[in-house]
Amino acid sequence: MPKDRFFLLDAGASRSTPTPVPLPPGTTLKAGPGDTEGRFSLLEEQWDVGTGTPAQVPNAMRPLGFDTFLYVREGDLGLDIGDQTHHLTGGMCALVPRGLPHALRNLGGADSAPHALQLSAPGVPGQSDADGGADVDAYANAIADAADGGAARRFFVLRPGEARPGRIPVPPAFSIKARTADTAGLFSFLEVTVAQPIPRHTHHVADEGIYVLDGALNIDFDGDEHIARPGQFVLLPRGVPHAIRPGSTPPPRVLQISSPGGWECVVETLIEHRTEVSRGGRLDPAALNRYTRQYHVTYEEDLADGQGIPG
């Protein structure tokens, strides 16, 4: 059952699912391929203060056949690609496409403790999309693209507050860090301030992962209430209705993963048509569905409860 894959992981905790090699000290597994049916894996890495040496993840956990997305929470992290070092600090992120060798190191010295999240996709190469896993054609195409130099072209770094360009401008509360087009369809990655409730809806294809950076997030999953706080990660599997709303003031700031990608398209569509789908501060679920069904997301039309579109 899809709902059985739901979990809310405490800050600092690690999933017990197997990994190719033991995780080094300071590294925890937020979601493994067994959790996501092969879509993605998510690691949280923290360097030890006083050593000056990063808790490096072995090469087996940074395979060249995966896209890697890095989000730095704090510290000074060096991303070495070829003879160039990219200096990443808190709030910065980078997409390292499959086929592009790279290494990470601490640039802050012995008193620095870099802290970063690393997403790898797909979680298991070749997972068929017949059971909702990663898109095997997109994976094969991206491998071929890497072979002819495409990997270097897909690499990018974003500074704090920067976002990937999209079809239309969106409010800063929805900062799109990696678009579906950037990742051959495997995932999208957003930094979101959840300022208003998002009413109950269902993702029929994509799994959704949420990592809380600041504040508290209230989650209604399949009718059960949960609260996620800083450092906690929640996996919302496809096919099960859920709703989220702010549980703190200021409102929570979160990292939002959609795999396969596409959530940024929903955001852009709702912003573009917000005067139609939200009237007088009240949502019209039927109007929402006219625009979101094409992205395999539906809102429950019997729950017109006056909640507004976030943003």
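Predicted model: local features only at pLDDT ≥ 70, side-chain atom pairs only at ≥ 80, totals over all residues.
User: What is pLDDT, and what is its mean for the protein chain?

Analyst: pLDDT is the predictor's confidence in each residue, from 0 to 100. The mean for the protein chain is 84, and 81% of its residues reach 70 or more. Over residues 125–136 the value stays under 50; the model has 24 contacts (heavy atoms within 4.5 Å) for this stretch beyond four places in sequence. Residues 304–311 also have pLDDT below 50, with 32 contacts in the model beyond near neighbours in sequence.

User: How many helices and strands does the protein chain have?

Analyst: The protein chain has six helices and 22 strands. Among its contacts between residues at least 6 apart in sequence, 68% join residues at least 24 apart.

User: Is N218 buried or exposed?

Analyst: Buried means under 20% relative accessible area, exposed over 50%, and partly exposed in between (1.4 Å probe, protein chains only). N218 counts as buried because its relative accessibility is 14%. Leaving aside residues up to four places away in sequence, N218 touches H226, I227, A243, I244, R245, P246 and G247. In the protein chain, 52% of the 311 residues are buried.

User: Where is S188 found, and which residues does S188 touch?

Analyst: S188 is found in strand β12, residues 188–193. With a relative accessible area of 0%, S188 is buried. Beyond four places in sequence, the residues it touches include A178, R179, T180, W263 and E264. S188 and S259 are 71 residues apart along the chain, yet their C-alpha atoms are separated by 6.7 Å.

User: With which side chain does the side chain of S188 make a polar contact?

Analyst: A polar contact is a pair of N or O atoms within 3.5 Å; within protein, one must be able to donate a hydrogen and the other to accept it, and residues adjacent in sequence count only if both atoms are side-chain atoms. The side chain of S188 makes such a contact with the side chain of E264, at 3.4 Å. The S188 side chain also reaches the backbone nitrogen of G262 at 3.5 Å.

Technical notes: Residues numbered from 1 in each chain as written. Heavy atoms only, no water. Helix = DSSP H or I, 4+ residues; strand = E, 2+ residues; numbered from the N terminus.
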